Amino acid sequence: MLITELKARETILSYATGKVFIINCHGCKEIYFPEHEADALQKELADAGKVTGIFTTDYICNPENLKLRLEKYMSAIEAADAVLVFSCGVGVQTVSEYLDSKRVYACCDTYALPGFQGVTPLEHDCDQCGQCYLNLTGGICPLTACSKSLINGQCGGAKNGKCEVDPNMECGWERIQRRLAQIGRLDALKCPIQVRNYATDDEVK
């Protein structure tokens, strides 16, 4: 089980330097989703003329359903400079993988709660660390894509693009580098990532 918490208002607004398309996921809403806070912020962006469209559904972590549901919104997505996703980290990664040429931003942090995680078929993993790095790493989680959970870059042990710990696993940081290059955000690698706050693993705000 999990809950999501909105990132700081100023942080989310900084992602909307141009036009944005917004995706809301209410799949885990019965646990907790900051719906009213998200609605207010999205209205603020819409009133400022920054929103090309808003899509609200459930379980965007299911890639096949997501692809089908987004088909009728593709023109609005193409008209946007970025996509803002209000969901857990798994949903953000699914959207980022599907819209691989678009800048996709996570607008929430995800916190773990004890209990069953659901039955949606997942292609990505979220560590539910409460301090989401997806906006710095092109929508690929360094904690789960890297076997060592490194957050400040690769270890240098990869060979032919494969992890030294698991030779069947692609190096997560090489994937991140390719994704950032694809969306024109290699400059993000020049900025040191904030040291992880491990207290969020044990405490829910």
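## Cysteines, strands and ring pairs in a predicted model

The sulfur of Cys 126 lies 5.7 Å from the closest cysteine sulfur, that of Cys 88, which is too far for a bond; a disulfide here is a pair of cysteine sulfur atoms within 2.5 Å. Please keep in mind that this is a predicted model, in which local features need pLDDT of at least 70, side-chain atom pairs count only at pLDDT 80 or more, and totals for chains, interfaces and linings use all residues. Residues are numbered from 1 along each chain as its sequence is written, and side-chain values use heavy atoms, with hydrogens and water left out.

**Overall layout**

- The protein chain has seven helices and six strands, where helices (H or I, at least four residues) and strands (E, at least two) are DSSP runs numbered from the N terminus.
- Along the sequence, these elements follow the pattern β-α-β-α-β-α-α-β-α-β-β-α-α.
- Of the 205 residues in the protein chain, 45% are buried; buried means under 20% relative accessible area, exposed means over 50%, and partly exposed is in between (1.4 Å probe, protein chains only).
- Among contacts (heavy atoms within 4.5 Å) between residues at least 6 apart in sequence, 67% join residues at least 24 apart.

**Cysteines**

- Searching the whole structure turns up zero disulfides.
- Cys 155 is in no disulfide either, and its nearest cysteine sulfur, in Cys 146, is 6.5 Å away.

**Strand 2 and its neighbours**

- Six of the six residues of strand 2 (residues 20-25) are buried, so this strand is largely enclosed by the rest of the structure.
- In a regular strand, side chains alternate between the two faces of the sheet.
- In strand 2, Val 20, Ile 22 and Asn 24 point one way while Phe 21, Ile 23 and Cys 25 point the other way, and all are buried.
- Strand 2 runs parallel to strand 3, joined to it by six bridges; two strands count as paired if DSSP finds at least two bridges between them.
- Within that pairing, Ile 23 has Phe 55 of strand 3 as its bridge partner.
- Strand 2 also runs parallel to strand 4, with five bridges between them, and here Ile 22 stands opposite Leu 84.

**The β-α-β unit**

- Strand 4 (residues 82-86) pairs with strand 5 (residues 103-106) in the parallel sense over four bridges.
- One of the bridge partners in this pairing is Ala 106 of strand 5, which partners Val 85.
- Strand 4, helix 5 and strand 5 form a right-handed β-α-β unit: with the strands pointing away from the viewer, the path from the first strand over the helix to the second runs clockwise.

**Aromatic pairs**

- The count comes to three aromatic pairs; rings of Phe, Tyr and Trp (its six-membered ring) pair if their centres lie within 6.5 Å, and planes under 30 degrees apart count as stacked, over 60 as edge-to-face and the rest as tilted.
- One of them joins Phe 21 and Tyr 73, whose ring centres are 5.9 Å apart with planes at 55 degrees, so the pair is tilted.
- Phe 21 belongs to strand 2 and Tyr 73 to the loop between helix 3 (63-70) and helix 4 (74-78), so this pair ties together parts that are 52 residues apart in sequence.
- Phe 21 is buried at 0% relative accessibility, while Tyr 73 is partly exposed at 21%.
- The rings of Phe 55 and Tyr 73 are also tilted, because their planes lie at 45 degrees, with centres 4.8 Å apart.
- That pair links distant parts of the chain, with Phe 55 in strand 3 (residues 51-57) and Tyr 73 in the loop between helix 3 and helix 4, 18 residues apart.
- Phe 55 counts as buried at 5% relative accessibility.
- Taken together, ring pairs link Phe 21, Phe 55 and Tyr 73 into a cluster.

**Helix 7**

- In helix 7 (residues 172-182), the buried residues are Gly 172, Trp 173, Ile 176, Arg 179 and Leu 180.
- These residues sit on the same side of helix 7, because they cover an arc of only 120 degrees around the axis, with the arc taken from the directions from the helix axis to the C-beta atoms.
- The buried residues of helix 7 pack against helix 5 (89-98) and helix 6 (142-145).
- After helix 7 comes Gly 184, which has a positive phi, near 70 degrees.
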